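Please read the following report beside the sequence and the three-dimensional structure. It takes up backbone geometry, a helix pair and the confidence of the model in turn.

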Amino acid sequence: MAIFGRGYDYFLGYALSGGGARGFAHLGTLKVLEQYGLKPDVIAGTSAGALAGVFYADGFHPDEIVELFRKREFREFVSFTIPRTGFLKSTGLHTFLKKNLRARRFEDLQLPFYVVTTDWEKARTVTFSQGNDLVDAVVASCSVPVIFNPQVIDGVPYVDGGILKNFPVTVIREMCRYVVGVNVSLIIPPAEKESIRTMVERTFNLMSNANTLIDKSSCDILIETSGLEKISIFDLHSQNQIMEKGYQTAANTMAEKRSLEIVRRCHRHALLEKKVKARLQMIGSGMTNK
C-alpha cells in the first residue's frame, strides 16, 4: 500500500541468494529478522534462496523449514540418470515440494514470491511469480547444470538461476522501498583434493559471484554470511552449523545503526498502514449502514 511518497508496490522485500546447502543460513537470518519484528511484503529467491523463500512465503516458520530437511540425505532429492544433459534428475526434490508445500499455485502463497531461473536455450534470466508452475519453477531454480537435468516448463528447459542472477535484489528493487539482501554464497577456496564434483562446485561458485556486484550495491541492508566457504553445496549434514552462522551474521548486521533506522521506519510504516486500513474499514462500514 503506497501511503506516502513514491508509489512502491511493496514497502519491504527480501532477496535470498543461491548457495546450495549454505542456504540453511537463510533460515537463521529469517529468525533474526522476525525477532526484530520484520515481515516482508515480497520475497525473491534464487536456487537455495528460492527453496527457503517458497516455504517462508507459504507461511512456514524458519524452525519448521529446517525440520523438514533434518536427517535427510542428498540422494533423497535426486535420482541417477544416463548422462545426457545432467548426471542427476531432481525428481526427489519435486516430490518433496509437492508433499510439503501447502500452496499449489503462486497465488496460494501468503506472500508474493519471485523465483529466478535461467532459460537454457536463450541464455536469459526468467522470473516466475504467477500461475501453476510454482513447484517446477523452484526445482528449475535449483537445477545446477551438468549436475542436474534442466527442468522443462511449457517446452522450455530451465536451469539454476544463479548462472546469471544468483542474488536477486534487482528483481524486486524497483518495486520496494527497502530491500534486505541475504547473500550466502561467498567465494570458496579451491578443494585440497580436486574431483569432478569440486571442480563443478567451484566453477559455479566463481561464476555466480561474478554476477552479484550490482545486486550487492542495491541492498538497503546487506547480510553476507561468512564462515561457510568450506561447506559443500551438497552438505545436508551441517544444517545446525550453517543456520547458526546465518543467525550470528544477521544479528551483527541488524545491530548496526543503519539497519536499526530501517527497522524503525518499517515499524512506523506498519503502524500507519494499520491505522489507514482501520480508518478505511470504518468509512466503508459507515457507508454500508446508510
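Serine 47 counts as buried, because its relative accessibility is 7%, and the cut-off for burial is under 20%. In this predicted model, serine 47 lies in the loop that joins strand E2 (42-46) to helix H2 (48-57), and its phi is near 55°, a positive value in a residue other than glycine.

Most residues other than glycine have a negative phi. A positive phi is also found at alanine 123, where the angle is near 50°. Alanine 123 belongs to the loop between strand E5 (113-119) and strand E6 (124-128), and with a relative accessible area of 58% alanine 123 is exposed.

## Helices H1 and H10

Helix H1 (residues 24-35) and helix H10 (residues 239-254) have axes that come within 6 Å and cross at roughly 40°, so the two helices are oblique to each other. The crossing in which H1 passes H10 is right-handed.

On the H1 side, the residues that make the contact include Phe24, Leu27, Val32 and Leu33, while those of H10 include Ile242, Met243, Tyr247 and Met254. By class, the residues of the contact of H1 with H10 comprise 11 nonpolar, five polar and one charged.

## Confidence of the model

The mean pLDDT of the protein is 85, with 82% of its residues at 70 or more. Over residues 1-5 the pLDDT stays under 50, and the model has 14 contacts beyond four places in sequence for this stretch. Residues 73-89 likewise have a pLDDT below 50, and there the model has 47 contacts beyond near neighbours in sequence.

Methods. Residues are numbered from 1 along each chain as its sequence is written. This is a predicted model: local features need pLDDT of at least 70, side-chain atom pairs count only at pLDDT 80 or more; totals for chains, interfaces and linings use all residues. Side-chain values use heavy atoms; hydrogens and water are left out. Axes are lines fitted to C-alpha atoms, for helices over the stretch in contact, and angles run from 0 to 180 degrees between N-to-C directions. Helices (H or I, at least four residues) and strands (E, at least two) are DSSP runs, numbered from the N terminus. Angles under 35 degrees count as roughly parallel, over 145 as roughly antiparallel, 65 to 115 as roughly perpendicular and the rest as oblique. A crossing is left-handed if the near helix is turned anticlockwise from the far one by less than a right angle, and right-handed if clockwise. Contact means heavy atoms within 4.5 Å. Ala, Val, Leu, Ile, Met, Phe, Trp, Tyr, Cys and Pro count as nonpolar, Asp, Glu, Lys and Arg as charged, and the others, Gly among them, as polar. pLDDT is the predictor's confidence in each residue, from 0 to 100. Buried means under 20% relative accessible area, exposed over 50%, partly exposed in between (1.4 Å probe, protein chains only).
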